[in-house]
Amino acid sequence: MPDTIPGYIGQSVPRREDKRLLRGEGLFVADIQLPNMLHVAIARSQFPHARIKDIDLSKALSAEGVELAISGEDILEQLPPISGMQLATPPGYQERVDTDIQIPDQPLIPHEKVRFVGEPYALVVARNRYLAEDALELISTDFDPLPPVATTDKALDENAPLLHEKLGRNVAAILHTKKGQGAEALKTAPHRLKRRFYHHRYAAMPMECRGVVADYDARTDTLTIWSSTQVVHWVSREVANSLGMPEENVRCIAPDVGGGFGGKGHVYPEDILVAYLARRLQRPVKWIEDRHEHILNSTHSRDNIYDVEIGFDNDGRIETVVSDFVVDSGAYSPIGAGIAGNSIAHMLGPYDIPNYEASSKIVLTNRTPNAPYRGAGRPEVGFAMERAVDLVANELELDPAEVRFRNMIKADQMPYSVGLTYRDGVPIVYDSGDYPKALERALEELGGLKSIRKRQKDALRQGRYIGLGLGCYVEGTGVGPFEGATVKIDATGKIVVATGACPQGQGHETVFAQVTADLWKVPIEDVYVTVADTAHVTMGYGTLASRSTVTASGAIQLASDQIKEKAFAIASGILEAGEKDLELRDSGVGVKGVPGMHISFRDIATAARPGWGHKRPEGIDAGLEATSYYEPPTVTWAYASNAAIVEVNPGTGQVLIENYVEVHDAGVLVNPAIADGQVKGGLVQGLGGGLMEEITYDENGQLLTGSFMDYLLPSASDVPPITVIHQETPSPLNSLGVKGLGEGGAIAPPVVIANAVCDALRPFKAEINSTPVRWGEVAAIFGDDPFKATSTTTTPEMEK
């Protein structure tokens, strides 16, 4: 590739993955068919809380086509539970954050009691799924119902029944931290404002539900697992530990995955159970989750209650934030205290606030377990903080935009030390960015603040309610602990890359090919990328937490650097030139300024081979392959400002989003088109969470939204005009200048919509401090006269 050809980083290279997906040639777990495959169906509890007295499997075992039926009692001595404490907090975290963490273990199939509606209590393996489902109906059970602990309030009552008796409490973790004077600073604040905020329960809802296929080879004592997961190495490790096998003998592959968004970001009991069944029966075994199972049993998210108090001065400058919040973790906590830790670290957002104190309890209830979903603690805390900023503005009759500008960290303050600790145990330092500029650009894209306020005032005279909603956030991205990558130059001179990253639609094959092509100065067609397969990288972490571009690219670069040293050493001997005089060019190594002095990667690979006739200098090992692990020093800090114009129908309460803008900074964009799609997709998910999606339970812990008849998802007709502006500020923490962006779009929309509706309904002094924003509740704000309008929608500051 001539040096004059521009690099691939920064180019919107078409996604490699799309060709096979658009042609219907993708391979998902449900597509996998193996000879003599058996199928699993799982019996799930109808009780939120009940003691298991007896499970009789005899009739199910005698049913047509059934190979095996088991309950928790049958595997009690064979399969350990999934440890609740396996995700230990890193060194440094507990030194700076007060913690009391007691995460309960999760049994693969409970044998003593069930703790949420949908928890497995037995399974059947049969020739096909239909026969397995039929056999489930033949299982006879005897449950002793226990009082359900359906809410966090009930769970925290001193007389509440215990979900996990060994814990002695219904709290899985308590976290506390302080900056500056903390809550003490409220005493001297000129103004104080206190509110309760609620961010409701909803979930990832990927197009593809979960699924697992496992195949055991008795001759080699090896297992191959295909799982719709974001963490193949974690699955491999857990299965190996549970079955007492060497991890080397357990291969896990995530084929094409139809969305994950965090819901597939940890190991589930089914991952281990299906592998166990395949080994026990020595036949391939398959389990595919249906949508009802997914809503019942795959992890939910959000469901936080925040009590927030703000201290501020006469100019709207925030002096103190105090936050006390609870997370409804459901019956278990698969990711430990990660969500609450994220929320504590992100509360202050892009603002320069000297005093802060936060406390959190992760509470156990008889609901489906709670785990990260796109944003993972940031949408929740962002809702509380950004609503509070608007309320401060209302209290002082200032424009919410002006209050944000007055409190924002300025570009010349970067890097900015926050005075808190991130969940990686490292003090938080915002590495780069221009927060005020992002908000300015978002407002300008909507016509400018002055124009928006004039239009709002004119509309009010006509009985129309138009509002401006704002939402700003920061996001720690590229978190460790590590990611692995193997890079090699094969015998044909092609560059072959494998990483521990596990894509679910992000375009990793394309992005990592772009990075590698630039590192090696080769055509992108000469780069081959393998992802989500433990056979190709010994250790990996997976794709979650907006991390893969930072961490996997870092690992690819480290491995490439090792091979370059060998390639240059070999080329130096063959070309009889000093290594400092060499450069990468034309799919090989050449002497700088001498076009004819060049050796191809293919010839270097031949020279690097072991055995007779090699051309390696003394001390250079054979082969051109290296595996490296990138361990980021800490996170990079992405951020965004969101703004939207909405109009509220006073008769129906309908919220019409006229335009939505996000100005997002993820550092250097490897592929702008993919980045644009990522942010827009996240925004749509955030809008769904803010307006439509909701998982609800009754007072007895029974799920009320068990299908898409009740759980509403946004469709194409619900998507408003969206503009995404990328404000690229390179991160100084890695050589590519990249930051993460996978979760960003989903963070702000719920609070942006709530703020916009409240802004539109200022004549009624409306406050919407919980999600989702429901049309019926909005309509009720208007009372008996939905078309009443007053001039109080504008403040003196707005009039200026």
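# Exercises on a predicted model

Asp221 is partly exposed, with a relative accessible area of 23%. Here buried means under 20% relative accessible area, exposed over 50%, and partly exposed in between (1.4 Å probe, protein chains only). The model is predicted: local features need pLDDT of at least 70, side-chain atom pairs count only at pLDDT 80 or more, and totals for chains, interfaces and linings use all residues. Residues are numbered from 1 along each chain as its sequence is written, and side-chain values use heavy atoms, with hydrogens and water left out.

## Exercise 1: backbone angles

Task: Find where Asp221 and Gln282 lie, and state the phi of each.

Solution. Start with Asp221. Its loop runs between strand 10 (211–217) and strand 11 (222–227). Helices (H or I, at least four residues) and strands (E, at least two) are DSSP runs, numbered from the N terminus. Asp221 is not a glycine, yet its phi is positive, about 50°. Now take Gln282. This residue sits in the loop between helix 8 (269–281) and strand 13 (285–288). Gln282 is also a residue other than glycine, and its phi is positive, near 50°.

## Exercise 2: helix 15

Task: Work out how the reach of helix 15 compares with the expected span, and how many of its residues are buried.

Solution. Count the residues: helix 15 spans 508–520 and has 13. The expected span is 1.5 Å times one less than the number of residues. From first C-alpha to last, helix 15 reaches 18 Å, close to the 18 Å expected. Next, check the cover: 13 of its 13 residues are buried. Finally, step off the end. Just after helix 15, Lys521 takes a positive phi of about 55°.

## Exercise 3: domain 2 meets domain 3

Task: Describe the interface between domain 2 and domain 3.

Solution. Domain 2 is 210–288, and domain 3 is 302–479 + 634–794. Their centres, taken over C-alpha atoms, are 37 Å apart. Six residues of domain 2 are in contact (heavy atoms within 4.5 Å) with seven of domain 3. Buried area is the accessible area (1.4 Å probe) that two parts lose on being put together, summed over both. For this pair the area is about 430 Å², with 64% from carbon and sulfur atoms. On the domain 2 side, Phe261, Gly262 and His266 lose the most area to domain 3, together 85% of what that side buries. Between the two domains there are zero salt bridges.

## Exercise 4: Asn671

Task: Is Asn671 buried or exposed, and what does its side chain reach?

Solution. Locate Asn671 in the loop between strand 28 (655–665) and helix 18 (672–691). It is buried, at 3% relative accessible area. Its side chain reaches the backbone nitrogen of Ile674 at 3.1 Å. Leaving aside neighbours within four places in sequence, Asn671 is in contact with residues including Gln11, Thr510 and Gln514.

## Exercise 5: salt bridges

Solution. Side chains of opposite charge can pair when their charged atoms come close. A salt bridge is a side-chain nitrogen of Lys or Arg within 4 Å of a carboxyl oxygen of Asp or Glu. The structure holds 45 of them.

Key. Domain bounds come from an automatic or database domain assignment. A polar contact is a pair of N or O atoms within 3.5 Å; within protein, one must be able to donate a hydrogen and the other to accept it, and residues adjacent in sequence count only if both atoms are side-chain atoms.
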